[in-house]
Amino acid sequence: MQQLFLPGMTMPSRPAETHNAREALASYPDMTTTNLCRHAKVLGIAAELLVDSVLMRLGERAYATPEFERHDRVLLLPKGVQVRIQVKARHCRTDTGSYVFNLKQRSARGATGKGPYLPQDFDVLAMVILTEGVVYFSADWQNRHVIQAGEIHGLRRNPRMSLDAALARLGHTDAIPGGWDDDLDLAA
């Protein structure tokens with residue numbers, strides 16, 4: 001089916017920036033650092049949509065928040081409990097094969113950023129390895145998180161595991177389908 005237009009109305013030409021993004025992202029993740037930075041917003045949205053997809057497949061309800069918030073999603077749990085989620089993405093591994101997530105908020109106006117996140121800014125960090133299509137949820141407050149390459153298979157096989165552990169750490173074991181009977185390593 002083709003979109004009908006009003007008589008005399010023509011479609012605008014495709015903006016050069018959109019065309020350039022399409023060309024640059026066609027080779028993702030094998031692209032230059034410059035292109036990764038240039039298209040970081042698009043890749044960030046892709047990461048947020050992957051989190052939405054995972055949560056939706058798990059039967060959870062999450063909603064996007066405005067960009068000015070210090071978190072990206074709100075997860076609605078039973079009994080009206082709200083959990084704020086911050087989404088961060090990584091696109092490449094370190095030399096040791098791990099993925100490192102350094103927690104800081106970037107600014108649209110430059111690389112200096114808006115400064116570090118504070119513990120009150122969000123409840124759960126959703127770490128997205130976009131190249132692998134996996135999400136690791138954590139309620140452990142740290143400025144630096146590392147996901148080892150060996151963990152990816154488990155995250156893909158059981159995406160609920162890290163979400164449930166994060167909810168348990170926050171004290172929401174009653175919101176975990178089937179309950180929670182694992183130990184929490186609270187020293188972590």
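1. Phe-122 is buried in this predicted model, its relative accessible area being 4%. That value falls under the 20% cut-off for a buried residue. Tyr-117 is buried as well.

2. The number of aromatic pairs is two. One joins Tyr-117 and Phe-122: the ring centres are 5.4 Å apart and the planes stand at 80°, so this pair is edge-to-face. The angle that qualifies a pair as edge-to-face is over 60 degrees.

3. Another pair is formed by Phe-122 and Trp-141, with 5.1 Å between the ring centres. The planes of Phe-122 and Trp-141 are at 50°, so the pair is classed as tilted.

4. Which parts of the chain does the pair of Phe-122 and Trp-141 tie together? Phe-122 sits in the loop between strand S6 (110–115) and strand S7 (124–129). Trp-141 belongs to the loop between strand S8 (134–138) and strand S9 (144–147), so the parts tied together are 19 residues apart in sequence.

5. Trp-141 is partly exposed, and its relative accessible area is 34%. Phe-122, its partner in the tilted pair, is buried at 4%.

6. Gln-148 is found in the loop between S9 and helix H4 (152–157). With 40% relative accessibility, Gln-148 is partly exposed.

How values were computed: Residues numbered from 1 in each chain as written. Predicted model: local features only at pLDDT ≥ 70, side-chain atom pairs only at ≥ 80, totals over all residues. Heavy atoms only, no water. Phe/Tyr/Trp six-rings, centres within 6.5 Å; stacked < 30°, edge-to-face > 60°. Buried < 20%, exposed > 50% of the residue type's maximum accessible area, 1.4 Å probe, protein only. Helix = DSSP H or I, 4+ residues; strand = E, 2+ residues; numbered from the N terminus.
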